[in-house]
Amino acid sequence: MDHYSPYFHFPREDWRKLEVSKDQILSAEELEDIRGLNDRISLEDIAEIYLPLVKLLVMHYHEQIFIHGEKMEYLKRHATHTPFVIGIAGSVAVGKSTTARVLKIMLDRWFSKTRQVELITTDGFLYPNAILEEKGLMERKGFPESYDRSRFVAFLSDLKSNKANVEVPLYSHFTYDILEETRVISQPDIIIVEGINVLQVDPEQAVFPSDFFDFTIYMDADESEIKRWYLERFFLLRETAFQDSSSYFHRYTKISEEEARVFALETWDKINGVNLKENIERTKYRAQLILKKGADHLISDVYLRK
């Protein structure tokens, strides 16, 4: 990004110098509990990247509260402020889920649990496999058309309308399908929404998901690195979760390592890589903050919209 970019560029060395309270650092045990399968996020990342980010998010949250109070006083109306919604986007295997879990636990700690902080993923808004099969979309799972976009927008609208007891559909990566049960969220103070599609737009809809977000983050990395991380994760899962005979992907433990590698590469090249280039990466510059990862999975650069 050049001098006239709409983003401030912070190399890691500059971002880490931002002044924050040092008493919010997670323990090694806590970090291990929330770390993704092959995500190399470290306590150093927590101190140097996520502490300044959490402080920035808290500043935006308090700004929203202040502006809401001023507006209500001016309008002579009485209404509680709506949830502060944080969106986290990026490719499959780039580390969105770990970042979302880290931010949730750190925001919980920052506010000493005096604020209700929730976390959801957009996987639950995928169509069930039966519908995807009926529509011929199983090979397009994760692409925009595989999501119930109207339901996702309705959920966000209910959330921002301060509706109580909003239902969130749930997804199982184990069964690779939507679950029958749902989760209920009721008027949280802050909610983190993580998924590959949070910044995408649907030209057939008048309202887009991003219309409801107060702060958005895009997890970025070179495609070659994301592809490598995807393959690493696939083979780690092949040795662990896929070993369970109930797993949707159990069949891939019964073939040779080379056959499994061919399958994983084809999945990336025909599905995940295509989705990244055609749909996900194009939303990068719609985010207010971009976290750029290097080959070691650690954040190397931060870009913050001016």
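In this predicted model, the axes of helices H3 and H4 approach to within 10 Å and cross at roughly 65 degrees. Here an axis is a line fitted to C-alpha atoms, for helices over the stretch in contact, and angles run from 0 to 180 degrees between N-to-C directions. Helices (H or I, at least four residues) and strands (E, at least two) are DSSP runs, numbered from the N terminus. The crossing of H3 and H4 is right-handed; a crossing has this hand if the near helix is turned clockwise from the far one by less than a right angle, and is left-handed if anticlockwise. On the H3 side, the meeting residues are Ile46, Tyr50, Leu51, Leu53, Val54, Lys55, Leu57 and Val58, and on the H4 side they are Thr99, Val102, Leu103, Met106, Leu107 and Trp110. Contact means heavy atoms within 4.5 Å. Sorted by class, this contact has 12 nonpolar residues, one polar and one charged. In this sorting, Ala, Val, Leu, Ile, Met, Phe, Trp, Tyr, Cys and Pro count as nonpolar, Asp, Glu, Lys and Arg as charged, and the others, Gly among them, as polar.

A word on how to read the values: residues are numbered from 1 along each chain as its sequence is written, and side-chain values use heavy atoms, with hydrogens and water left out. As this is a predicted model, local features need pLDDT of at least 70 and side-chain atom pairs count only at pLDDT 80 or more, while totals for chains, interfaces and linings use all residues.

Helix H3 (residues 43-75) also holds His60. His60 counts as partly exposed because its relative accessibility is 24%; buried means under 20% relative accessible area, exposed over 50%, and partly exposed in between (1.4 Å probe, protein chains only). Apart from neighbours within four places in sequence, His60 is in contact with Phe84 and Phe215. Gly95 is 35 residues from His60 along the chain, and 23 Å separates their C-alpha atoms.

Next come the open spaces. The largest pocket has a volume of about 1,400 Å³. On a 1 Å grid over the protein atoms alone, a pocket is an open set of points with protein on both sides within 12 Å along at least five of seven lines, whereas a cavity is a set of points where a 1.4 Å probe fits but cannot get out; lining residues have an atom within 4 Å of a point. Grid points are joined across faces, edges and corners, and a volume is the space filled by probe spheres set on the points. The lining of the largest pocket has 47 residues, and those nearest its centre are Val92, His173, Tyr176, Tyr230 and Arg233. Two or more lining residues come from each of helix H4 (96-110), helix H7 (223-239) and helix H8 (257-280), with H8 giving the largest share, seven residues. By class, the lining of the largest pocket is made up of 21 nonpolar, 15 polar and 11 charged residues.

The second largest pocket holds about 160 Å³ of space. Among its lining residues are Leu119, Asp123, Tyr171, His173 and Arg183. Strands E3 (117-121) and E4 (166-172) each give two or more residues to this lining, and E4 gives the most, with four. Six nonpolar, three polar and two charged residues form the lining of the second largest pocket.

The largest cavity, of about 60 Å³, is lined by Arg149, Phe152, Asn197, Gln200, Val201, Asp202, Gln205 and Pro209. The second largest cavity has a volume of about 40 Å³. Its lining draws at least two residues each from strand E7 (215-220) and H7, and E7 gives the most, with three.

Finally, the backbone deserves a look. Most residues other than glycine have a negative phi. Asn162, although not a glycine, has a positive phi of about 65 degrees. Asn162 sits in the loop between helix H6 (149-160) and E4, and it counts as buried because its relative accessible area is 15%. Asn165 also has a positive phi, near 55 degrees, and is placed in the loop between H6 and E4.
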